[in-house]
Amino acid sequence: MKLITAIIKPHRLEEVRDALSIENISGLTVTEVKGYGRQKGHAELYRGAEYVVAFVPKIKVEIVVEDSIASKAIDAVVSSANTNSIGDGKIFVSTIEHAVRIRTGEINDQAL
Amino acid sequence: MEAQIFQLQYAIDTFYFLVCGALVMWMAAGFSMLEAGLVRTKSTTEILTKNIALFAIACVMYLLVGYDIMYDGGMLLADIALDGASSADELVSSVLAESSEAGFDGGSVYSNASDFFFQVVFVATAMSIVSGAVAERMKLWSFLLFTVVMTSVIYPMEGSWTWGGKDVFGMFALQVGDTGFSDFAGSGIVHMAGAAAALAGVLLLGARKGKYGPNGQVKPIPGANLPLATLGTFILWMGWFGFNGGSVLKLGDISNANAVAMVFLNTNAAAAGGVIGALLTARLLFGKADLTMCLNGALAGLVAITAEPSTPTPLLATLFGAAAGIIVVYSIVLLDKLRIDDPVGAISVHGVVGFFGLMIVPLTNDGASFAAQAFGALVIFAWVFIASLVTWGLIKAIVGIRISDEEEYEGADVSECGMEAYPEFTR
């Protein structure tokens, strides 16, 4: 099992969700996060004086999938979250050791 | 028949005066919302408490002594209902006698009590100007203590020299040559006076923590709620029709009705000019359309036209407002460079533009001169600024005026009022 963690632009969330549903990926978790990457935030203006917004609002999407469909899921996120501009975000993939569905006690691939 | 017409004229003028007073009272809501929008969430409860408490204190202190100092209205307003007459019937006949002597087009006729009501809301307006400038860092009770002095002595004194028609400290009249000081509804008497008191307070108080960096850089502290600030500005804009319109003092004949209509028209035109002036200036200076500057621009236009809303043409009123909108943006930026921290821009809007408003009166009003306007402005500013500085200084020496650094970090809401404005917000 793979955990796919994607940091995306907030306004791309609907597209990412739709793209993942088409691939029959049945669940995802979303968190509102703030952070910065190579952009280092951006400047805003208030009453003539500039100030830096050091942490830009982003959405963190977390999906756990079977190993066999991990690459399809990643492709779906990349193509749907891409606006071809800076700040589009990143995807991190890691291995999940164990998963349990709480209601039935099913484990691993059956639990997803 | 004639007596009945005079009765009606008295009734309509009193009614008009009272409605205008109620509109000015509503400006207290405007100031509250504007200030609540331009401070941070952690100072919101405190600024709202200040606004409603200062309004109440102003009403009581002006009733106790202020109105007597300014207009000889009698301490505690003891005789206000009968206005010196021995009975209600005698009052009616004396008013009718005065009216028929002066004629239908004569001077203002209205109830004595309506005059107090109209005047008292102006005191509260002057004091409201102070609360925004000292926001987020002043002790609540020190501010309220100053409110007592400002509304019972400082404002009524300068009011007595101008609208009250008395000599300055009994020594000389506000006059240069043949022309006297002319301030129709109070660009100087109300607005610049409030700003002078605010400036004295801010100088003794210092800037909010974190507003200015060690090398002189300005670090903005954005207001928490711009929808509220915009609503507050619109409320002030509306209330200003009472402020300027009521200051005509009479509605009940054709020429005065025409004057009232011109005042409404020009007041609105100047506010519109102010917004456009500030919007364009902010766009040219900063590259962005700064909403808070637009709001200050509207108020600047209103303050500028207040000294003389009846004589300019509508086009001139718009241009005066636009000039005020331009001035206010530069003034706000300049005050920040001087490290005078005014969270809502009150000193620029009411002080700098209030002075500008006084100085443009002679452009359209033959009865005013630049020298008399400048002299009057100087006397008002010097008195209010020095008296305020002494008062703030005494309060600072005795009980202190500033909350501690830690309290400021936590917010004045918790330290002064023990409650937050938005307790369920996550930070």
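Predicted model: local features only at pLDDT ≥ 70, side-chain atom pairs only at ≥ 80, totals over all residues.
Residues are numbered from 1 along each chain as its sequence is written, while chains are lettered from A and ligands numbered from 1 in the order in which they are written. Local features need pLDDT of at least 70 and side-chain atom pairs pLDDT 80 or more, but totals for chains, interfaces and linings use all residues.

Chain B has 15 helices and two strands (DSSP runs numbered from the N terminus: H or I of at least four residues for helices, E of at least two for strands). Its radius of gyration is 22 Å, close to the 22 Å from the globule rule for 427 residues, so chain B is as compact as a globular protein of that length (taken over C-alpha atoms; the rule is 2.2 Å times the number of residues to the power 0.38). The C-alpha trace of chain B spans about 70 × 45 × 45 Å along its principal axes. Buried residues come to 53% of the 427 (buried means 20 or more other C-beta atoms within 10 Å of a residue's own, with C-beta atoms placed from the backbone).

Now for helix 11 of chain B (residues 346-359): 13 of its 14 residues are buried, so the rest of the structure largely encloses it.

As for the interface, six residues of chain A contact 13 residues of chain B. On the chain A side, strand 3 (42-46) and strand 4 (49-53) are the elements giving two or more residues.

Definitions and conventions: Contact = placed C-beta atoms within 7 Å. Buried ≥ 20, exposed ≤ 12 C-beta atoms within 10 Å, placed from the backbone.
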